[in-house]
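Visitor: I'd like to learn how to read a model like this one, feature by feature. Where do we start?

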Amino acid sequence: MDKEIQNLTWKCLPKEARDFIREMYKTADQEYKFHKGKRYALEMTYGKSNLESDTEPEEMLMVERKKVIEKCNEITEDYATSGSRWCSGYINALNDFFGNKCLPDNPIPSDSTELKSKQKFKVGDKVIIGEVANQSIRGKIGVVERLPTDNYPLYAIRLESGLYTDLTENYLTPYTEESRNLSQNIANCDKSEDNQLKDNMEEKELDLTQLLKGCEGEEFYLLDCGNATLDGIQTNNSRGDSIKFLSLRSTNFDSGSIIINPNGKRKAYGSVILYPSRALYEKYPLDAKKAWDEWASERKPKRWRANSEEPNFYYLNCLFQVNNNIDSGNPSNDKLYKCGNYFRTEELAQQAAEAVRETLERFHKDHTEQ
């Protein structure tokens, strides 16, 4: 074995194993042929310099090749359907760490005749993108810029807009007059879906500048920064319009002021990134309005109800006379509480009785036939 292989073999051993082998090497008596053979075998396997040195090599991480290949295939498939750039970076990182000889299970030379014969398109072909997950590129026309390789089975497609995306062959259709019409139909369908989505978003649009009045100094949750404290609600008059926005400051690191639109987004369109708390985000990850509605309902001051320390309450009978009772939690007590005929003190019940009498007198006065 050459020196490089010996060093790699030595690095892959756990520290406990290296210590044991060093000790075995040192204690092998060179006077005996058996021990000489043992020392020679150890030197050929791990290298004499490694066995005699007390310096520990740089720690190495180990992972099963099968797991790496499975993850590579998973991310490649995600990239093929979504075109997301983070997937491309993930694949490149795997290549950097493990090399293209480690990743593919059955590598096929990229310049082989067999691979080229199986490829449906060639560089320069015009194609139409089919039903991919990324709606913004469905039905778009593009040009093949790069063919699949042995360890990256995706076509590089340049769109008419100048943007690039990488897709597998099953999402591409040759460009013809017939396929162009199909492309237009897909685009129109997606436009209809986008309009419907926009309508739904407008119905659920938030106005956090109203909801968070008086909450300065309280902590909320930003998806990209974690916990953040609300500095205040500010107004921008630079364009002649009074535009309100939220100013927050991260509690995890010094990022300066973080500006959030009244709808909880960094930009006018996109996803809401400001939530009441991480717990409510995890409960409603796709519906920020529900998260804020629950937060608001929990903050509303609740009407008093009798408890073990104050078990008595007051209510009005059908003649608007004040009665009192002990709240035992039975259905009749619940009904009185829900309809508002439930008071902490006799004085409050008397005030309510007067207000009811005045309301009824005014009602009859306005509806008495002349």
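Guide: With the labels: helices (H or I, at least four residues) and strands (E, at least two) are DSSP runs, numbered from the N terminus. Here that gives 13 helices and 12 strands. Keep in mind that this is a predicted model: local features need pLDDT of at least 70, side-chain atom pairs count only at pLDDT 80 or more, and totals for chains, interfaces and linings use all residues. Residues are numbered from 1 along each chain as its sequence is written, and side-chain values use heavy atoms, with hydrogens and water left out.

Visitor: Let me try one residue, then. Where is E59 found?

Guide: E59 sits in the loop between α4 (48–52) and α5. Its C-alpha lies 9.5 Å in space from that of L13, and the two residues are 46 apart in sequence.

Visitor: Is E59 buried or exposed?

Guide: The scale first: buried means under 20% relative accessible area, exposed over 50%, and partly exposed in between (1.4 Å probe, protein chains only). E59 has a relative accessible area of 71%, so it is exposed. Across the 370 residues of the protein, 32% count as buried.

Visitor: Show me the other end of that scale. Which strand holds V144?

Guide: V144 belongs to β2 (residues 141–146). V144 counts as buried because its relative accessibility is 0%. Contact means heavy atoms within 4.5 Å. Leaving aside neighbours within four places in sequence, V144 touches F121, K122, V123, G124, D125, V127, Y155, A156 and I157. From V144 to D166, 22 residues along the chain, the C-alpha separation is 9.6 Å.

Visitor: And in the whole protein, what share of the contacts with a separation of 6 or more joins residues 24 or more positions apart?

Guide: That share is 48%. T209 and N263 are 54 residues apart in sequence, and 8.3 Å C-alpha to C-alpha. T209 has a relative accessible area of 4%, so it is buried.

Visitor: What about L280? Which residues is it in contact with, leaving aside neighbours within four places in sequence?

Guide: A291, E294 and W295. L280 lies in helix α10 (residues 278–283), and its C-alpha is 5.5 Å from that of A291, 11 residues away along the chain. With a relative accessible area of 8%, L280 is buried.

Visitor: Which residues of α13 are buried?

Guide: A349, A352 and A353 are. Now look down the axis, where the arc is that of the directions from the helix axis to the C-beta atoms. The buried residues of α13 fall within an arc of 105°, so they line one face. E347, Q351, E361, K365 and D366, on the other side of α13, are exposed. Cover for the buried residues of α13 includes β11 (312–316) and β12 (322–326).

Visitor: Which residues of α12 are buried?

Guide: In α12 (residues 331–339) they are N333, L336 and Y337. Their arc is within 95° seen down the axis of α12, so they line one face of the helix. On the other side of α12, P331, K335, K338 and C339 are exposed. What covers the buried residues of α12 includes β11 and β12. After α12 comes G340, with a positive phi near 95°.

Visitor: Which loop holds F320?

Guide: The one between β11 and β12. F320 is not a glycine, yet its phi is positive, about 65°. F320 is partly exposed because its relative accessibility is 25%.

Visitor: Last, pockets. What volume does the second largest pocket have?

Guide: On a 1 Å grid over the protein atoms alone, a pocket is an open set of points where a 1.4 Å probe fits, with protein on both sides within 12 Å along at least five of seven lines; lining residues have an atom within 4 Å of a point. Points are joined across faces, edges and corners, and the volume is the space filled by probe spheres set on them. The second largest pocket has about 340 Å³. Of its 11 lining residues, M60, L61, M62, F97 and F98 are closest to its centre. The elements that give two or more residues to this lining are α1 (3–12), α5 (65–82) and α6 (85–98). By class, the lining has 10 nonpolar, no polar and 1 charged residues. (Ala, Val, Leu, Ile, Met, Phe, Trp, Tyr, Cys and Pro count as nonpolar, Asp, Glu, Lys and Arg as charged, and the others, Gly among them, as polar.)
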